[in-house]
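Thanks for asking me to look this over. Here are my notes, as numbered points to read alongside the model.

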Amino acid sequence: MSASGGTKAILAALTANAGIAVAKFTGFLFTGSSSMLAESVHSLADTSNQGLLLLGQKTAQRKPTEEHPFGYGRDRYFYSFVVALLLFSLGSVFALYEGIHKVQHPEPLTYAWVAVLILLVAIGLETYSFATAIKESRELKGGLSWWQFVRQAKTPELPVVLLEDLGALVGLVLALCGVGLTVLTGNPVWDGIGTTCIGVLLGVIAIVLIIETKSLLIGEGASRDVLTEIVGELERGNVEKVIHIRTQYLGPDELLVAAKIGMTPSMSISEVADEIDDAEVRIRAKVPAARLIYLEPDLERGRSLTP
């Protein structure tokens, strides 16, 4: 996926979350519900997160410089990591604090029907955002399960938006349950319990995102399937063997490939140069993301392939 990949999903989530944040906060002012307040902060954090994802996409398109010769593709990973931290700090920690406080010091709700109405509308909007993210992700997901896609995707924005939207939908259901049980039982403790559950949910999602985006940020190599394709293309010509190879994603759509290749001893320098050029063409045709390729010719001396 190109640098603009996932933009439609991000914009859909940004629009939905901005409107939902205003509606939820208005509902909190009417009802005093801690679940509504937690969800307001959650939606506000999500809105800021989508803005950061768009910023990351923009800054990642800067041209390489002498200081950053490989470009700024990892900006997208950096801002996705910041998003995960914000979701944890602004979303999870605040919701946990507010929920525990309301359990210890419960307060009655007023105009509970307003909260219910707003939550139902928010569920509809978040469903639209989530459906958009799923549609945008299907092509990249291929035959992977959704969990495998989140774990293995090199494009950070879509997994972030998917998990955010999923967390938002579940959080809305939890808030609805908290408010609903408070109305049915007359016990406002349920509102605090719902808020605490939202905090735990956001914490789990944030930790998953932190782990995955950190891995991308410090540098991930190509998957085993992609690596096998690259080695196969290298060994199709006059390369006797790939002695060793290293790969690393400089951005979601930019893969660095460096390999030492064993050549036929009888080849001339001109023939070696031609073979290297041909190998680069074959690799890029098979793996378009392999934009930077450095091949070092050598003679095989009994060393084994170490991907």
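1. Ile261 is found in strand S2, which covers residues 254-263. Please keep in mind throughout that this is a predicted model. Ile261 has a relative accessible area of 0%, and because the cut-off for buried is under 20%, Ile261 counts as buried.

2. What does Ile261 touch, leaving aside residues up to four places away in sequence? Its partners are Leu234, Val239, Lys241, Val242, Ile243, Ile276, Leu295, Glu296, Pro297 and Asp298. For a sense of distance, take His101: Ile261 and His101 are 160 residues apart in sequence, and their C-alpha atoms are 63 Å apart in space.

3. Now to the record. UniProt lists residues 10-217 as "domain: Cation efflux protein transmembrane", in an unreviewed entry.

4. Residues 109-131 are 87% helix and 0% strand, with end C-alpha atoms 33 Å apart. Residues 192-211 are 100% helix and 0% strand, with end C-alpha atoms 29 Å apart.

5. Next, the helix packing. Two packed helices are described by the angle between their axes and the distance between the axes. For helix H2 (residues 34-59) and helix H6 (residues 157-185), the axes come within 10 Å and cross at roughly 170°. H2 and H6 are therefore roughly antiparallel to each other. On the H2 side, the contact includes Ser35, Glu39, His42 and Asp46, while the H6 side includes Glu157, Val160, Val161 and Glu164. Sorted by class, this contact has seven nonpolar, seven polar and four charged residues.

6. H2 also packs against H7. Their axes come within 7 Å and cross at roughly 25°, so H2 and H7 are roughly parallel to each other. Here Ser34, Ser35, Ala38, Glu39 and His42 of H2 meet Asp191, Gly192, Gly194, Thr195, Ile198 and Leu202 of H7. The residues of this contact divide into three nonpolar, six polar and two charged.

7. Which residues of the largest nonpolar core touch the most other members? They are Val161 and Leu209, in a core of 46 residues. At least two residues of this core come from each of helix H1 (7-31), H2, helix H3 (75-104), helix H4 (112-141), helix H5 (146-152), H6 and helix H7 (189-218). Leu209 touches Ala84, Leu87, Pro159, Val160, Leu163 and Lys214, again not counting residues up to four places away in sequence. Another core, of 27 residues, lies apart from the largest one; among its members are Val226, Val242, Ile245 and Ile283.

8. Beyond residues up to four places away in sequence, Ser92 touches Leu87, Gly199, Leu202 and Gly203. Two of these names have come up already: Leu87 is also touched by Leu209, and Leu202 also takes part in the contact of H7 with H2.

Methods
Residues numbered from 1 in each chain as written. Predicted model: local features only at pLDDT ≥ 70, side-chain atom pairs only at ≥ 80, totals over all residues. Heavy atoms only, no water. Axes fitted to C-alpha atoms, helices over the stretch in contact; angles between N-to-C directions. Helix = DSSP H or I, 4+ residues; strand = E, 2+ residues; numbered from the N terminus. Parallel < 35°, antiparallel > 145°, perpendicular 65-115°, else oblique. Contact = heavy atoms within 4.5 Å. Nonpolar A, V, L, I, M, F, W, Y, C, P; charged D, E, K, R; others polar. Core = buried A, V, L, I, M, F, W, Y, C linked by side-chain atoms within 4.5 Å. Buried < 20%, exposed > 50% of the residue type's maximum accessible area, 1.4 Å probe, protein only. UniProt positions renumbered as here; feature names shortened; annotations may be inferred.
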